[in-house]
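Please keep the sequence and the structure in view while reading.

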Amino acid sequence: MAERFVVAIDQGTTSTRCIVFDRRGQLVSLAQQEHKQHFPKPGWVEHDAMEIWRNVERLAPLALRRAGITLDQVAAVGIANQRETTVIWDRATGVPVGRAIIWQDTRTDALVHALSSSFDAGHLADISGLPLATYFSGPRLRWMLDHTPGLQARAERGEVLCGTMETWLIWNMTRGAHVTDVTNASRTMLLDVHKLDWSAEALDFFGIPRAMLPEVRASIGAFGTACEAFPGVRIGAALGDQQAALFGQTCFTPGEAKCTYGTGSFLLLNTGTELVKPGHGLLSTVAYQVAGSPACYALEGSIAMTGSLVQWFRDQLELISSAPEIETLARTVADNGGCYIVPAFSGLYAPHWRSEARGVIVGLTSYITKGHLARAVLEATAWQTREVVDAMNATSGLALTTLKVDGGMTADNLLMQMIADVLDVPVVRPLAVETVSLGAAYAAGLAVGYWPDLDGLRQNWHIAGQWMPAMDPGLRDAEYTNWRRAVERTFDWIQPA
């Protein structure tokens, strides 16, 4: 009998990938395609959902061809996706009514400000586990319904459907299954995170018709059989990308944490079947759910800009020609020269949640070179991680002892050392760096019995690199104080109209 494999569709913020994994969790082949980023106005960020679907159609056979396998050797497909990104499409034609509005978009700032004064806003946080912010899908859906003529009435009649990107892909792959999983649903502000179903109160708060929403299912289970892209293959799992990374890092035990360093960075701490009341600017979110079992929850700290700050340094300032060059440039200086960059380009996420904040560069003098700026860019990621870890320790009552890391930025050894230094804990990178994709593959394989249980997945995890803290405690404290002073300078920049 021919060897079998599992495929992950990793639909990210800047690109979509199809990756084939074997039974040991080893990457066999990868096919990737970037999609266009649309910036029609300041603070607006959009994607063409049709472009993303066409990319999946092209990438699926390419990934199999590169692996040298056929469709009948694919045991299951799992999907990991950029969370909170929202698309609305016509039920009959399958054509989106407009571009997808992605998680970085801040156009709902005025709407969020207006809604925050509502009597029910605090109760909404208790229901959803989330603060009222531009980050989440609920305000985005409300904005789309308000700004597309006739769309509200069409939504109430069930003529249009909505979803996050895994819902959009599954609908196209199955030719009509309108479903989501609990992890993505928990990022909309519309889900009751206690009951794991849409909340009537939250829907009323935002005025979202139930008829346009997908069915909520467990993350690991049945999502239908594909008719397109991978025809005849079962879709066994769907998870938001950060929950997929937690799963791929095999953080199955309460107290285990990971941070994914990509466009943004996201630190998740497994809290088990207990939904911990969020505090200190953290979110309570669903980590994953196996069909027929209770959900596992997580505390999350979300950082809006980390890898995208390096992209800005490369593409907008043109101080480097490729992202890896920033490490080389940063190593030309011994420190930041007193310069700090706070990348509040889309406001500040955890632990501050200040949507009106905007980015600043402070401490500029004629001494500062592009090397100092490069170092300040990397340090911004390290210090933002420190803020989130401090909040997580305070909320959970636990003390982080090791941080598992993954994502593209972990290739930067200087950055990894910075993070270990400012956290004062070891930073560990696994051998398998594609943990988002691997988590989706693990979940899909688990759903169809390709892997027997969670312990079997743990055996695939191996360490590839470790960084130990080596910073003088006095210097760490002084620099952290300076960082927090810089963060305060970003507050209240955007004033409500």
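The sections below treat the basis of the model, its helices, its aromatic rings and its backbone.

## Basis of the model

The model is predicted: local features need pLDDT of at least 70, side-chain atom pairs count only at pLDDT 80 or more, and totals for chains, interfaces and linings use all residues. Residues are numbered from 1 along each chain as its sequence is written, and side-chain values use heavy atoms, with hydrogens and water left out.

Helices (H or I, at least four residues) and strands (E, at least two) are DSSP runs, numbered from the N terminus. Buried stands for under 20% relative accessible area, exposed for over 50%, and partly exposed for values in between (1.4 Å probe, protein chains only).

## Helix packing

Helix 12 (370-396) packs with helix 13 (residues 413-423) at an angle of about 40°, and their axes are 9 Å apart. Axes are lines fitted to C-alpha atoms, for helices over the stretch in contact, and angles run from 0 to 180 degrees between N-to-C directions. Helix 12 is therefore oblique to helix 13; angles under 35 degrees count as roughly parallel, over 145 as roughly antiparallel, 65 to 115 as roughly perpendicular and the rest as oblique. Contact means heavy atoms within 4.5 Å. Residues of helix 12 that meet helix 13 include Arg375, Leu378, Trp383 and Val389, and their partners in helix 13 include Leu414, Met418 and Val422.

Helix 10 (residues 307-315) has Gly307, Ser308, Leu309, Val310 and Phe313 among its buried residues. Helix 11 (325-330), strand 18 (340-342) and helix 12 are included in what covers them.

## Aromatic pairs

The whole structure holds 18 aromatic pairs. Rings of Phe, Tyr and Trp (its six-membered ring) pair if their centres lie within 6.5 Å; planes under 30 degrees apart count as stacked, over 60 as edge-to-face and the rest as tilted. One of the pairs is Trp44 with Trp143, edge-to-face at 5.3 Å centre to centre and 85° between the planes. Trp44 lies in the loop between strand 3 (27-34) and strand 4 (46-47) and Trp143 in helix 4 (residues 137-147), so this pair ties together parts 99 residues apart in sequence. Trp44 is buried at a relative accessible area of 17%, and Trp143 is buried at 15%.

Trp383 and Tyr480 form a stacked pair, with 5.4 Å centre to centre and 10° between the planes. Because Trp383 lies in helix 12 and Tyr480 in helix 16, the pair ties together parts that are 97 residues apart in sequence. Trp383 is buried at 2% relative accessibility, and Tyr480 is buried at 6%.

## An aromatic cluster and charges over rings

One aromatic cluster is formed by Trp103, Tyr135, Phe136, Phe266, Tyr349 and Trp353. Over the ring of Phe266 sits the charged end of Arg83, 5.1 Å from the ring centre. Such a placement requires NZ of Lys or CZ of Arg within 6 Å of the ring centre and within 35 degrees of the ring normal. Lys404 likewise lies over the face of Trp461, 4.4 Å from the ring centre.

## Backbone features

Ala350 and Pro351 are joined by a cis peptide bond, with omega about -5°. Pro351 is placed in the loop between strand 18 and strand 19 (360-362).

Leu196 has a positive phi, near 60°, although it is not a glycine. This buried residue has a relative accessible area of 17%, and its place is the loop between strand 10 (191-192) and strand 11 (197-198). Asp492 also has phi near 60°; Asp492 lies in the segment after helix 16 (473-488) and is partly exposed at 47%.
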